[in-house]
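Me: I'm new to this one and would like to learn how to read it. Could you walk me through a few features?

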Amino acid sequence: MKRKRREVDTMSMSFLDVMSSGLGSMVLLLLVIKITEPIRLEESTLELEALLTQYNQQLAEIVGETEDVTRERADIEDDAKLDEQQLAQLERELARIRAIVLEHEDEAAVSQEITDQLNQAKQSLTEEMRRLFANNRPKPQDYKVGGIPVDSEYIIFLIDTSGSMKQYEWDRVQQQLQETLDVYPTVKGIQVLNDEGTHLFASYRGEWMPDTPARRQLIVEAVRGWNSFSDSSPREGILAAIDQYYDPEKKISLYVYSDDLSRGSISAIVREIDRRNAIDAEGNKRVRIHAVAFPVYYDVTGQLLTAANFMILMRAICQRNGGTLVALPSRRAD
């Protein structure tokens, strides 16, 4: 018996065809998307790497240009420093020439000035100093230390303790100190500071040391081994000495020992000391200021250099404060 064949529903087959075609299209679309997505990502990565490479090249160029500018700036600064050094050298040379000219022009005047100041010093001695000199009268030439009048009852030594002085002139510093002490028969008080205002004996800061033979010997021995910072400018020490030791009842002389003026304006220092060391009620300066110039730089280099500035400064200060400037002879002449 023949089986009866089922009739195929054409509508069902059409539906299946449609569904199969749609499903296949979706599957194909998904496959296409999956394939093209990594390709696009790879292309984006390559573009980013190329852009990064370009930026790195630009950065390298900028760094190179910056280094060139830095080197050019350093060269310009070096040239400026060299110009400043040359200018400073010319200024020192000009000061040296001026000092030499002044020295030759004023040689006769200075000699007369020293004589006049000696006569003035003798006339201004106090009664006690007259008595002391009467009992122990020095020779006429001993009334001055290298041309410096001796008429005070209190003396302050202001000593430059810089390296140049310590290395080249310290023996003459001690010699000058001893000679000055020897000329004074006796005084009421002594003090020793460096050009920074630092005391040789800190325990006597603000006080006068008593004058005894033992104390004088101790001062000379202590100065021999004295090591203290100094910037080779007498300004600080002079002002400290005036501020701490001025007394209207005391006749005070200040001795400045130095070889150099390393910093500071000459006119500004002179004006400041004028204000601080004002004229007292009797018309005299509070403290008489003398100076001894040591020719260190000339002995070592053959040129005056900044020593000329010290000479100009102290010549003005001594003239305006009743003192005398003495320049020691060069060792080159020995």
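Me: Let's start with one residue. Does isoleucine 156 count as buried or exposed?

Reply: This is a predicted model, so keep that in mind throughout. For burial, look at relative accessibility: under 20% means buried. Isoleucine 156 has 1% relative accessibility, so it counts as buried. You'll find isoleucine 156 in strand E3, residues 154-159.

Me: Which residues does isoleucine 156 touch, leaving out those up to four places away in sequence?

Reply: Among them are Gln191, Leu193, Trp208, Ala241 and Tyr245, along with Ile252 and Leu254. Sequence distance and spatial distance are separate things to check. Isoleucine 156 and valine 256 are 100 residues apart along the chain, yet their C-alpha atoms are separated by 8.6 Å. For the chain overall, take the contacts between residues at least 6 apart in sequence: 80% of them join residues at least 24 apart.

Me: Now helices. How do H7 and H8 lie relative to each other, roughly parallel or roughly perpendicular?

Reply: Start with the crossing angle of the axes. Those of H7 (residues 235-245) and H8 (residues 266-276) cross at roughly 5° and come within 10 Å. Angles under 35 degrees count as roughly parallel, and H7 and H8 are therefore roughly parallel to each other.

Me: Which residues of H7 and H8 meet?

Reply: From H7 you have Arg235, Ile238, Leu239, Ile242 and Asp243; from H8, Ile269, Glu272, Ile273 and Arg276. Sorted by class, this contact has five nonpolar and four charged residues, with no polar ones.

Me: What about backbone angles: what is the phi of serine 232?

Reply: Most residues other than glycine have a negative phi. Serine 232 isn't a glycine, but its phi is positive, about 55°. Look for serine 232 in the loop between helix H6 (213-224) and H7. With a relative accessible area of 6%, serine 232 is buried.

Me: How far apart are the end C-alpha atoms of helix H5?

Reply: They are 20 Å apart, which agrees with the 20 Å that its 14 residues should span at 1.5 Å a residue. Buried residues in H5 include Trp170, Val173, Leu177 and Leu181.

Me: Last one: what is the mean pLDDT of the chain?

Reply: The mean is 76, and 63% of the residues reach 70 or more. Over residues 121-125 the pLDDT is below 50, though this stretch has twelve contacts in the model beyond near neighbours in sequence. Residues 135-143 are also below 50, with eleven such contacts. Where pLDDT is low, the predicted coordinates should not be read in detail.

Definitions and conventions:
Residues are numbered from 1 along each chain as its sequence is written. This is a predicted model: local features need pLDDT of at least 70, side-chain atom pairs count only at pLDDT 80 or more; totals for chains, interfaces and linings use all residues. Side-chain values use heavy atoms; hydrogens and water are left out. pLDDT is the predictor's confidence in each residue, from 0 to 100. Contact means heavy atoms within 4.5 Å. Axes are lines fitted to C-alpha atoms, for helices over the stretch in contact, and angles run from 0 to 180 degrees between N-to-C directions. Helices (H or I, at least four residues) and strands (E, at least two) are DSSP runs, numbered from the N terminus. Angles under 35 degrees count as roughly parallel, over 145 as roughly antiparallel, 65 to 115 as roughly perpendicular and the rest as oblique. Ala, Val, Leu, Ile, Met, Phe, Trp, Tyr, Cys and Pro count as nonpolar, Asp, Glu, Lys and Arg as charged, and the others, Gly among them, as polar. Buried means under 20% relative accessible area, exposed over 50%, partly exposed in between (1.4 Å probe, protein chains only). The expected span of a helix is 1.5 Å times one less than its number of residues.
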